[in-house]
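Work through the exercises below with the sequence and the 3D structure at hand. Each task is followed by a solution in steps.

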Amino acid sequence: MASRFLLLTLLFAINCFIALASDPSSLQDFCVADTKNPVILNGLPCKDHKLVQAEDFFFRGLHQAQNTSTPVGSRVSSVNVAQIPGLNTLGISLARVDYAPWGINPPHTHPRATEILTVLEGKLEVGFVSSNPENRLFLKLLEKGDVFVFPVGLVHFQRNVGNGNAIALAALSSQNPGVITIANSVFGSKPHISADILAKAFQVDKNIVYNIQSKF
């Protein structure tokens, strides 16, 4: 009897975990974001269904190459709920990434999304790092048509390892995945994190910290 009770308890716990680990089912066909509504929600309020148009689910221009003349040699073009209001509550978004030769998409995280990246042109070296204490690097060379997954919240990056331009398309499991670029956050915060703290964290001289902060 005790073992049966234990089994039932275990099954109940597993079912509860599964229920909590996934998004709730939609209660309506769609919830197009009403960006003019002042109500603050975890997400965006719904536009009146009678006012919804096909344009609310549409974006044009992702085929266009972007200027990669940036300090890191890449440009990200996001297509999330800010560009397509119809993505609201649907838990998905896209991004196109253009890379100059040997350009990088620097180490960053998406706090609210897993990313699946497909290489459309060129060759990319991609990787992510697992959490403490292992901090294991998973590294892979991708060619045209290859696909790679970056788990939610983990630091990841890409580098174009070719002499020509590269293009990738990323799908993310959130309407608003967010992005935290590590260098920008650590050295470009406003106000700056104390140089004493960063010097100790990175085990470098404070002047090195000041020099890096000046670039952000």
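This is a predicted model: local features need pLDDT of at least 70, side-chain atom pairs count only at pLDDT 80 or more; totals for chains, interfaces and linings use all residues.

**Exercise 1. Describe the backbone at Pro191 and at Thr89.**

Step 1. Lys190 and Pro191 are joined by a cis peptide bond with omega about -5°. Pro191 is in the loop between helix H2 (182-187) and H3.

Step 2. Thr89 is not a glycine, yet its phi is positive, near 75°. Thr89 belongs to the loop between S1 and strand S2 (93-99).

Step 3. Most residues other than glycine have a negative phi, and most peptide bonds are trans.

**Exercise 2. Give the strand order of the sheet that contains S8, then list bridge partners in S8.**

Step 1. The order is S6-S5-S8-S3-S10, an open sheet of 5 strands with antiparallel pairing. Two strands count as paired if DSSP finds at least two bridges between them.

Step 2. At the edges are strand S6 (137-142) and strand S10 (180-181), each of which pairs on one side only.

Step 3. Strand S5 (residues 124-129) runs antiparallel to S8 and is joined to S8 by 6 bridges. Leu124 has Asn160 of S8 as its bridge partner, and Glu125 stands opposite Arg159 in S8.

Step 4. Strand S3 (residues 104-109) and strand S8 (residues 155-160) are antiparallel and share 3 bridges. His108 is paired with His156 of S8.

**Exercise 3. Why is one side of S1 and of S7 left without a neighbour in the sheet?**

Step 1. S1 and S7 belong to an open sheet of 5 strands, ordered S1-S2-S9-S4-S7 and paired antiparallel.

Step 2. Strand S1 (74-79) and strand S7 (147-150) are at the edges and have a single partner strand each, so one side of each has no neighbour in the sheet.

Step 3. For S7, the pairing with strand S4 (residues 115-121) is antiparallel and covers 4 bridges. Here Ile116 stands opposite Val149 in S7.

**Exercise 4. How do H3 and H4 pack, and which residues make the contact?**

Step 1. Helix H3 (residues 195-202) and helix H4 (residues 206-213) pack at about 110°, with axes 8 Å apart. Axes are lines fitted to C-alpha atoms, for helices over the stretch in contact, and angles run from 0 to 180 degrees between N-to-C directions.

Step 2. H3 and H4 are therefore roughly perpendicular to each other (65 to 115 degrees; under 35 is roughly parallel, over 145 roughly antiparallel, the rest oblique).

Step 3. The contact (heavy atoms within 4.5 Å) involves Ala195, Asp196, Leu198 and Ala199 of H3 and Lys206, Val209, Tyr210 and Gln213 of H4.

Technical notes:
Residues are numbered from 1 along each chain as its sequence is written. Side-chain values use heavy atoms; hydrogens and water are left out. Helices (H or I, at least four residues) and strands (E, at least two) are DSSP runs, numbered from the N terminus.
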